[in-house]
Amino acid sequence: MIQKKVCLLGMLSAMLCTGAVSAQQHQVELIPFGNMDQWIDRQIKESGIIGGATKNVYAVGPTTEIHENKAYKNMGGSPWATSNVMAKVAGVTKTNTSVFPEKRGDGYCARLDTRMESVKVLGLVDITVLAAGSMFLGEVHEPIKSTKNPQKMLNSGISFTKKPIAVQFDYKVKMSDREKRIRATGFSRITDVDGKDFPEANLFLQKRWEDKNGNIYAKRVGTMVVRYYTTTDWHNNATYSIMYGDITGDPAYKPHMMRLQVEERYAVNSKGQSVPVKEVAWGTEEDLPTHLILQFTSSHGGAYVGSPGNSLWIDNVKLVY
């Protein structure tokens with residue numbers, strides 16, 4: 001009997017890694033708006049000094065159009081934010097759109113592109129930044145007023161207390177042919193960065209708490225990170241297991257992608273301040289999370305680093321229990 005149980009567990013583990021978990025075996029829940037079929041079209045007029053064009057700045061949420069230059073707040077219960085933003089730098093209104101709805105079958109998917117974005121006004125501002133397409137659970141603090149410390153402009157993660165065994169989604173990848181990446185921050189010169197650029201999906205479950213000074217700390221309860229290395233057509237219902245507790249001894253642990261504080265993320269504390277979330281320890285397998293971080297990005301290297309031409313398509317994002 002013990003041998004049978006071990007075999008069954010081994011089969012389940014293999015199925016999770018290969019995407020073979022089915023709805024008959026497990027409960028599968030679509031994340032709100034995770035079918036990517038509903039989009040908000042923010043039609044924002046940029047400043048006349050840079051041409052005054054009206055740009056479509058998309059957000060995942062209940063289908064509607066917004067025809068005014070106002071800061072965006074998540075609408076209709078949508079938990080999703082994107083790298084699409086309205087910025088006001090030196091009094092100039094500029095937009096960035098690197099996440100788009102794209103027709104797929106009878107509905108839509110999300111397309112995430114890595115691209116260069118420039119704004120040049122003689123004698124006033126001259127900025128060229130690399131913008132990766134990113135969508136994540138959380139919020140963006142608009143309008144963006146500077147290219148400095150972009151993570152502080154994000155409220156990363158949503159309140160969440162469940163323990164799913166896997167995350168499931170459809171994806172497609174197009175890789176840039178560049179062997180090196182680009183770093184373009186807006187004010188320093190554009191430089192090359194060693195290493196190819198890879199699209200990435202990551203999920204982190206955290207148990208957060210706040211001290212009397214408003215600092216936010218977290219234990220890492222659950223971890224899933226995957227990068228894509230080749231151009232590929234649609235893979236449907238790709239399913240990736242979530243590892244719980246201290247995973248540093250697990251053969252699947254990859255420190256460069258999964259270590260504690262692998263990327264600095266920010267959240268809003270009880271005082272309304274945007275502060276870094278300090279991941280200080282691994283949780284135990286018994287710990288319940290308080291927050292879920294889930295991100296899809298066309299470039300893995302963080303803000304302003306990537307290869308123009310990378311694209312990642314995402315659809316039907318679900319959690320498996």
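Which residues of S7 lie on one side and which on the other, and are they buried or exposed? Keep that question in mind while the whole chain comes into view. The model is a predicted one.

Start with the overall build. The protein chain has two helices and 26 strands. Its C-alpha trace spans about 75 × 50 × 40 Å along the principal axes. The radius of gyration is 20 Å. A compact globule with 321 residues would have a value near 20 Å, so the two agree.

Next, the contacts. Take those between residues at least 6 apart in sequence: 69% of them join residues at least 24 apart. Now burial. Of the 321 residues, 49% count as buried. The protein chain exposes about 15200 Å². Carbon and sulfur atoms supply 53% of that area. As for charge, the chain carries 39 positive and 32 negative charges. Their mean positions are 4 Å apart.

Now return to S7. This strand covers residues 92-96. Five of its five residues are buried, that is, under 20% relative accessible area. In a regular strand the side chains alternate between the two faces of the sheet. In S7, Val 92, Lys 94 and Asn 96 are on one side. Thr 93 and Thr 95 are on the other. All of these residues are buried, so both faces of S7 are covered. That answers the opening question. Note that Lys 94 is among the buried residues.

What does S7 pair with? Its partner is strand S6, residues 85-89. The pairing is antiparallel and runs over five bridges. S6 and S7 form a hairpin, with two residues between them. Look at Ala 90 in the turn: its phi is positive, about 55 degrees.

Move on to a second site. Strands of a sheet pair through backbone hydrogen bonds, either parallel or antiparallel. Here an open sheet of three strands has the order S17-S16-S25. Its pairing is antiparallel. Which strands form the edges? They are S17 (191-193) and S25 (305-306), each pairing on one side only. S16 sits between S17 and S25 in the order.

S16 covers residues 181-183. S16 and S17 pair over three bridges, in the antiparallel sense. To locate this pairing, find Ile 182: its bridge partner in S17 is Asp 192.

Methods: Residues are numbered from 1 along each chain as its sequence is written. This is a predicted model: local features need pLDDT of at least 70, side-chain atom pairs count only at pLDDT 80 or more; totals for chains, interfaces and linings use all residues. Side-chain values use heavy atoms; hydrogens and water are left out. Buried means under 20% relative accessible area, exposed over 50%, partly exposed in between (1.4 Å probe, protein chains only). Helices (H or I, at least four residues) and strands (E, at least two) are DSSP runs, numbered from the N terminus. Two strands pair if DSSP finds at least two bridges between them. The radius of gyration is taken over C-alpha atoms; the globule rule is 2.2 Å times the number of residues to the power 0.38. Contact means heavy atoms within 4.5 Å. Accessible areas come from the Shrake-Rupley method with a 1.4 Å probe; for residues, only the protein chains shown count as cover. Lys and Arg count as positive and Asp and Glu as negative; His and the chain ends are not counted. The place of a charge is taken as NZ of Lys, CZ of Arg, CG of Asp or CD of Glu.
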